[in-house]
Protein chains: 2
Amino acid sequence: MKALFIDPVNRTPVVVLKDMHSSKIVPIWIGETEAFSIATELQGQKFARPLSHDLMKSIMEAVGAKLEKVVINDLRDNVYIATVYIKTAAGEIRELDARPSDSIALALRMHSPIYIADHVFDKSAIEPPEDEEEKEKFTEFVDKELRLSEFRRYIDDKGQGGS
Amino acid sequence: MKALFIDPVNRTPVVVLKDMHSSKIVPIWIGETEAFSIATELQGQKFARPLSHDLMKSIMEAVGAKLEKVVINDLRDNVYIATVYIKTAAGEIRELDARPSDSIALALRMHSPIYIADHVFDKSAIEPPEDEEEKEKFTEFVDKELRLSEFRRYIDDKGQGGS
């Protein structure tokens, strides 16, 4: 389960990966363009022109490659490391180094699973607060849906988009 | 021949494609992230983590695909349209719809040629000014090299980057 927000403190987009077996979450701060790409896919929005990850998907489909899965498998110097597992037309698996943002944007488009390694999860997952009121706020934050129009306005203000 | 600048009027990055047989140029305004990706490749900069177009290149190499060429082949409602020509491992050519920014960022990485269709060039190429002083300024603008450090500072100010 995933969600995407603007961190209110530093106005940076953050992807939230939720544990399926607990209330723990892993927040991953990402770039605006990648966040926009993830947001549009989560919301089922289609633009006139393909975004970078749309082209990435087109390339994979054109060569008969599949995306087996993406795994966020390391955390070094506060930077998350991901691996994308590509299945070639000949059926061979290739492991490629990637950022979580690109991995997630691509996985959403190709309907591929997104995993986080246990040791990364244990190191970076956040416990919800003990206090009931705080807990409620936290859950609300995690479950709150991204409003794409707001996000887009935010991006537009910053002069994003273009050819 | 290409160059990359920040348009001083609206602070938007612009890629400049130069005609090899005249002094005419075609300016294409693009997004910041794509401009950053083009700039780093033009300057031979390598980052610890792969950018979107680095991953795109990795995917193509992993599946044995080649980038034959990219062609900016249309201009609709002031938006440039490009086609990327992918050669599969089996030797088949696939034509994919793309934005010029992604096409150029990928072509630079894969050392593939970048073309602009004659009818697009004729419609959008700019003549250098007649006046000598203006002409000099114009040439200086076109030939001026991007300073990546400045560009990066500009991007950092806007909160770009991330995982």
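Here are some notes on the salt bridges in this predicted model.

1. A word on conventions first. Residues are numbered from 1 along each chain as its sequence is written, and chains are lettered from A in the order in which they are written. In this predicted model, local features need pLDDT of at least 70 and side-chain atom pairs count only at pLDDT 80 or more, while totals for chains use all residues; side-chain values use heavy atoms, with hydrogens and water left out.

2. Over all chains there are 19 salt bridges (a side-chain nitrogen of Lys or Arg within 4 Å of a carboxyl oxygen of Asp or Glu).

3. One to look at is Asp97(B) with Arg49(A), where the closest N and O atoms sit 2.8 Å apart. This pair crosses between chains: Asp97(B) is in strand E6 (residues 93-98) of chain B, and Arg49(A) is in the loop between helix H1 (32-42) and helix H2 (52-62) of chain A. Helices (H or I, at least four residues) and strands (E, at least two) are DSSP runs, numbered from the N terminus.

4. How covered are those two? Asp97(B) is partly exposed at 38% relative accessible area, whereas Arg49(A) is buried at 15%. Buried means under 20%, exposed over 50%, and partly exposed in between (1.4 Å probe, protein chains only).

5. Within chain A, Asp102(A) bridges to Arg99(A), with closest N and O atoms 3.0 Å apart. Asp102(A) is buried at 0%, and Arg99(A) is buried at 5%.

6. In chain B, Glu41(B) and Arg109(B) form a salt bridge at 3.8 Å, N to O. They lie 68 residues apart, in helix H1 (residues 32-42) and helix H3 (residues 100-109) respectively, and both are buried.

7. Finally, chain A has a salt-bridge network linking Glu41(A), Lys46(A), Asp54(A) and Arg109(A).
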